[in-house]
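Here is a short report on one protein model.

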Amino acid sequence: MKKVLITGIFGQDGAFLAKRLLSQGFRVFGLARRGGSIKSDRLRYFGILDDVEIKNSEIIDFSSILKLLEEIKPDVIFNLAAQSFVQDSFINPWMTSNINYFGVLNLYEAIRFLKLDCKVYQASTSEMYGKTIDDVQTEKSPFNPQSPYGISKLAAHHLGVIYRETYKLKISNGILFNHESELRGREFVTRKITSQLVEVKNESRDFVLLGNLNAVRDWGYAADYVKAIEMMNFSEVNDDFVVATNNITSVREFFKKSAELLDFKPIFSGNNAEEICTDKKTNKVIMKIDKNYYRPLEVDYLRGDYSKINSTLGWKPETSVDEMIEKMVSFDLENYNKNIYFI
Ligand code: NAP
Ligand code: GDD
């Protein structure tokens, strides 16, 4: 039975991935950092908490990760652990860099030291493109990160290329564009919108406070994207792949689509920080701008070209953004007031 190690197993992608791999009979180990409380809600939600083997380790401590790899000797590693919230990386740039870059360096050095013959997936990101100049981003587009998070991930991305070429480590970097789901953390804009609009509908919240409504993202569904991650790590190819849908939606459009599914009639008025959204049926304001949610630097536009992974591994997205919003809104409606928080 192949042994798989997932770092970041308690996050959105880690949970979807663990579920997929367990159903195929893999032995799944998960890295849990010491010190913090273990956020096992997603694994419990899928009913797989008892099926994964959780190991305490710390990716930012070389000796700790070395001992873990020596003990498990995994055949396949998915490195998903990260400080993944862009906004937070402006507040905690050092910790973000430490986890997202030095954690990866520790992992690669430990693999090299132990001479492990394992495949590694590294969670790279469209955030590395930052200020984009092309209409569509490919594996060859220039990187121009706009946050400490983007820089840390870009450094780790280049490190993977260097360790692949120099030391022949079997590393693939997946450049994943934004992907969301019912299991997405509520600090990210999509889940914030769907969960808070449900609260507005149920009159336990007056309105949703948002930042930049003009930001455009290529949003896909997380369950589709972990399939791409799995395909990369179980293929003989070690390379870099964009995973995206090639469809774009602005934050304003995402809000509008979500509100309409909840039977609001959203009408936007005003400009910039004065913009509001009113429900035409009731004349109530359901969205306002709060400048605190503006980023010090913004990534305005991301749109990915997934042709390389499609032609090399046969992956393509299966869920449209509209279907994904429906899933998220339905989930938040069904689970309103049930204290299900994926953080
Ligand atoms: P997520 O829900 O934030 O999960 C990240 C996980 O990393 C959390 O479970 C967290 O564990 C863990 N972690 C953080 N610091 C750690 C440390 N020092 N040691 C061990 N674990 C640590 O993120 P996600 O959406 O699943 O994304 C998975 C990966 O893909 C991340 O690397 C992210 O940067 C990258 N990515 C995500 C997207 C996206 O749109 N979702 C797009 C591109 C790339 P705790 O529970 O202990 O906090
Ligand atoms: N979080 C948040 N909250 N974002 C807001 C808000 C708000 O109230 N209002 C507007 N936005 C805008 C942000 O300024 C950004 O342009 C966009 O919505 C998306 O923000 P997030 O959902 O926080 O995601 P992100 O694009 O910054 O980062 C996510 O995707 C990356 C891939 O491109 C994360 O999952 C990263 O880990 C991932 O690498």
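How many cavities of 30 Å³ or more does the count come to? The count comes to 1 cavity. The model is predicted.

## The cavity

Rolling a probe the size of a water molecule over the atoms shows where empty space is left. Here the largest cavity has a volume of about 30 Å³.

Its lining runs through Tyr129, Lys131, Thr132, Ile133, Asp134, Gln137, Ser141 and Pro142. By class, the lining of the largest cavity holds 3 nonpolar, 3 polar and 2 charged residues.

## The second largest pocket

The second largest pocket has a volume of about 250 Å³. It is lined by 14 residues. Closest to its centre are Val200, Glu203, Phe264, Thr282 and Lys284.

Which elements each supply at least two residues of this lining? They are α7 (189-201) and β15 (284-289). β15 gives the most, with 3 residues. The lining of this pocket divides into 8 charged, 5 nonpolar and 1 polar residues.

## Salt bridges

Side chains of opposite charge can pair when their charged atoms come close. In this model the count comes to 19 salt bridges.

One of them joins Lys170 and Asp117. Their closest N and O atoms are 2.7 Å apart. What does this pair tie together? Lys170 lies in strand β6 (residues 170-176), and Asp117 lies in the loop between α5 (93-114) and β5 (119-125), so the pair ties together parts that are 53 residues apart in sequence.

## Packing of α1 and α8

Two packed helices are described by the angle between their axes and the distance between the axes. For helix α1 (residues 12-23) and helix α8 (residues 222-233), the axes come within 9 Å. They cross at roughly 65°. Is the crossing left-handed or right-handed? α1 passes α8 in a right-handed crossing.

On the α1 side, the contact is made by Gln12, Asp13, Phe16, Leu17, Arg20 and Leu21. On the α8 side, Ala222, Ala223, Val226, Lys227, Ile229 and Glu230 take part. The residues of the contact of α1 with α8 comprise 7 nonpolar, 4 charged and 1 polar.

How values were computed:
Residues numbered from 1 in each chain as written. Chains lettered and ligands numbered in written order. Predicted model: local features only at pLDDT ≥ 70, side-chain atom pairs only at ≥ 80, totals over all residues. Heavy atoms only, no water. Axes fitted to C-alpha atoms, helices over the stretch in contact; angles between N-to-C directions. Helix = DSSP H or I, 4+ residues; strand = E, 2+ residues; numbered from the N terminus. Left-handed = near helix turned anticlockwise from the far one by under 90°. Contact = heavy atoms within 4.5 Å. Nonpolar A, V, L, I, M, F, W, Y, C, P; charged D, E, K, R; others polar. 1 Å grid on protein atoms, 1.4 Å probe; cavity = no way out; pocket = protein on both sides within 12 Å on 5 of 7 lines; lining within 4 Å. Points joined across faces, edges and corners; volume = space filled by probe spheres on them. Salt bridge = Lys/Arg side-chain N within 4 Å of Asp/Glu carboxyl O.
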